[in-house]
Amino acid sequence: MSSKLSTTPDSQTPKRQAKPIINKVTSEDIIASLKAGSADFAARPIMSGFFGLFYAVFGLLMVWILFSLGKIWLIIPFAVGFPLVAPFAAAGLYEMSRRMQKPESFGWADIFTVIVRQRKREMGWMAFVTLFIFWVWIYQFRTVLVIVLQDSSFSDFDGFLNTVLFTPEGWTFLALGTCLGAFLAAILFTVTVIAMPMLLEREIDFVSAMITSVRVVAENPVVMLLWAAVISVTLLLSMVPAFLGLIFTLPILGHTTWHLYKRALSSPEM
């Protein structure tokens with residue numbers, strides 16, 4: 001009597017994804033990625049600009065709410081920390097660049113469908129990490145404010161700026177706040193710069209994506225520091241004219257991040 005061994009069809013066998021190969025990234029890669037990101041923005045300016053507009057309007061709304069609530073001391077940490085959530089806000093831009101790179105045709109519904117699906121995938125956890133660090137930044141800013149400026153008084157935004165900019169206590173406060181903000185921003189940049197677009201494209205857990213992002217930064221420290229500086233300076237300058245500069249700069253930076261991610265990682269031959 002013969003017996004049959006039950007086997008699982010190859011099409012139903014889960015395939016382990018090999019670890020991506022980390023490439024050496026140079027300043028030329030940043031320049032090439034910026035050109036590609038600008039080209040993506042020029043190809044679909046209305047759709048790309050929509051994400052920048054949404055980000056700008058959200059920023060203006062939050063500032064208005066802080067003014068209305070009388071929380072004037074929160075305006076500066078919010079404005080400084082606001083760019084920290086930019087990588088998550090750019091998820092739709094990553095998807096647009098991914099499709100244009102294929103190339104694949106797409107419309108508004110295609111992009112928003114992908115964005116909505118992310119809540120059921122690992123990117124939702126990355127959003128939690130991003131917002132948690134943003135919350136830590138706000139909390140630590142408040143702590144430094146209370147410790148350093150405890151004897152100062154300010155009833156409006158102008159008074160707050162005068163205290164911060166023209167008193168020794170204010171200078172100490174700015175120095176400590178800048179160091180703290182730079183430290184938290186460096187952490188968030190390191191764990192998300194590659195992780196965000198990676199989670200959009202690949203089926204991978206968010207911890208592995210963060211580890212890969214850290215490895216990319218560790219193996220390309222100078223170039224990635226340069227890219228972090230470009231992002232920080234560009235976003236901060238874009239917020240000066242009432243956040244309106246973000247309508248253009250956020251989409252370009254988002255598209256550029258996708259192309260830099262594709263240059264930083266490559267898949268091994270299976």
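This is a predicted model: local features need pLDDT of at least 70, side-chain atom pairs count only at pLDDT 80 or more; totals for chains, interfaces and linings use all residues.

Colleague: OK, how many helices and strands does the chain have?

Modeller: There are 13 helices and two strands in the chain, and of its 270 residues 43% are buried. Among contacts with a separation of 6 or more, 77% are between residues 24 or more positions apart.

Colleague: And how much accessible surface is there?

Modeller: The chain has about 15000 Å² of accessible surface, and carbon and sulfur atoms account for 67% of that.

Colleague: Which residues make the nonpolar surface patch?

Modeller: The patch is formed by I46, F50, F54, W108 and F112, and covers about 530 Å². At least two of its residues come from each of α2 (45–69) and α6 (108–117), with α2 giving the most, namely three.

Colleague: Take I46, then: why does it count as exposed?

Modeller: I46, which sits in helix α2, counts as exposed because its relative accessibility is 67%, and the cut-off for that class is over 50%.

Colleague: Switching topic, is S238 buried or exposed?

Modeller: S238, a residue of helix α12 (residues 221–239), is buried, because its relative accessible area is 6% and buried means under 20%.

Colleague: What does the side chain of S238 make a polar contact with?

Modeller: The partner is the side chain of T249, at 2.8 Å. Setting aside neighbours within four places in sequence, S238 is in contact with F243, L244, G245 and L246 as well as T249.

Definitions and conventions. Residues are numbered from 1 along each chain as its sequence is written. Side-chain values use heavy atoms; hydrogens and water are left out. Patches are made of residues with over 30% relative accessible area and no salt bridge: like charges are joined within 9 Å, nonpolar side chains (Val, Leu, Ile, Met, Phe, Trp, Tyr) within 5 Å. Accessible areas come from the Shrake-Rupley method with a 1.4 Å probe; for residues, only the protein chains shown count as cover. A salt bridge is a side-chain nitrogen of Lys or Arg within 4 Å of a carboxyl oxygen of Asp or Glu. Helices (H or I, at least four residues) and strands (E, at least two) are DSSP runs, numbered from the N terminus. Buried means under 20% relative accessible area, exposed over 50%, partly exposed in between (1.4 Å probe, protein chains only). Contact means heavy atoms within 4.5 Å. A polar contact is a pair of N or O atoms within 3.5 Å; within protein, one must be able to donate a hydrogen and the other to accept it, and residues adjacent in sequence count only if both atoms are side-chain atoms.
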